[in-house]
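Subject: Structure handover

Hello,

Here is the structure for your files. My notes on it follow below.

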Amino acid sequence: MDVLNRRKGIEIGIPEMDRQHRSMMDGFEFLRRAPRRHASDVRELHSILGEVQAHFEWEESQMSKTQYPDKARHGIDHALQLSNLKDLLKYVEEGHERLDEDFFLACLGWTDRHIRSLDADFGLFLSDREAWDLQQELKAWEYEERFSGMAD
Ligand SMILES: [Fe+2]
Ligand SMILES: [Fe+2]
């Protein structure tokens, strides 16, 4: 997926959230293309981890402020990604792992999927509460349908 295609559909419509997402994606993209050197890799990974952590904290504080009902599920996805990044930083620092293009492609892929699914849901909640309620009802209905189908 190239940069332009990756950009399509990740604008949530919440300006500060979109700004932070663009900055994270640009950071991963820049590092993906940069020449690999152990010392600068560690420094860059530290800085990107700080940015990702600050973004997750900011988003979760917005969820608390607005009493977002799906905060716990969303937070679990954040925690998982953060713990993956921290584990990797440890391996890189200990010299067991080198950062390569695949690593940054995986980060871009995860961030893209997270923005299009969980962040888009939260954006909808912030911008159009009625549409979000309707979406939740549809999800519950779909789940019930699937579950009742399994009981047959
Ligand atoms: Fe998020
Ligand atoms: Fe986000």
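Helices α2 and α3 are roughly antiparallel to each other. In this predicted model, the axes of α2 (residues 15–33) and α3 (residues 38–65) cross at roughly 160 degrees and come within 11 Å. Angles over 145 degrees count as roughly antiparallel, which is why this pair is put in that class. The crossing in which α2 passes α3 is left-handed.

On the α2 side, the contact is made by Met17, Gln20, Ser23, Met24, Gly27, Phe28 and Leu31. On the α3 side, Glu44, Ile48, Glu51, Val52, His55, Trp58 and Glu59 take part. By residue class, this contact of α2 with α3 has seven nonpolar, four polar and three charged members.

The next pair is α3 with α4 (71–93). Their axes lie 10 Å apart, and the two helices pack at an angle of about 170 degrees. α3 is therefore roughly antiparallel to α4. This crossing, too, is left-handed.

From α3, the residues that make the contact are Asp41, Val42, Leu45, His46, Leu49, Val52, Gln53, Phe56, Glu60, Met63 and Ser64. From α4 they are Lys71, His74, Gly75, His78, Leu82, Leu85, Lys86, Leu89, Val92 and Glu93. The contact of α3 with α4 divides into 10 nonpolar, six polar and five charged residues. Val52 of α3 is listed both in the contact with α2 and in the contact with α4.

One backbone detail is worth a look. Glutamine 67, in the loop between α3 and α4, has a positive phi of about 50 degrees although it is not a glycine. Is this residue buried or exposed? Glutamine 67 has 8 other C-beta atoms within 10 Å, and a residue with 12 or fewer counts as exposed, so glutamine 67 is exposed.

As for the protein as a whole, its secondary structure consists of six helices and zero strands. Read from the N terminus, the order of elements is α-α-α-α-α-α. Along the principal axes, the C-alpha atoms fill a box of roughly 55 × 40 × 30 Å. Of the 152 residues, 10% are buried. Among contacts with a separation of 6 or more, 75% are between residues 24 or more positions apart.

Regards

Technical notes
Residues numbered from 1 in each chain as written. Chains lettered and ligands numbered in written order. Predicted model: local features only at pLDDT ≥ 70, side-chain atom pairs only at ≥ 80, totals over all residues. Axes fitted to C-alpha atoms, helices over the stretch in contact; angles between N-to-C directions. Helix = DSSP H or I, 4+ residues; strand = E, 2+ residues; numbered from the N terminus. Parallel < 35°, antiparallel > 145°, perpendicular 65-115°, else oblique. Left-handed = near helix turned anticlockwise from the far one by under 90°. Contact = placed C-beta atoms within 7 Å. Nonpolar A, V, L, I, M, F, W, Y, C, P; charged D, E, K, R; others polar. Buried ≥ 20, exposed ≤ 12 C-beta atoms within 10 Å, placed from the backbone.
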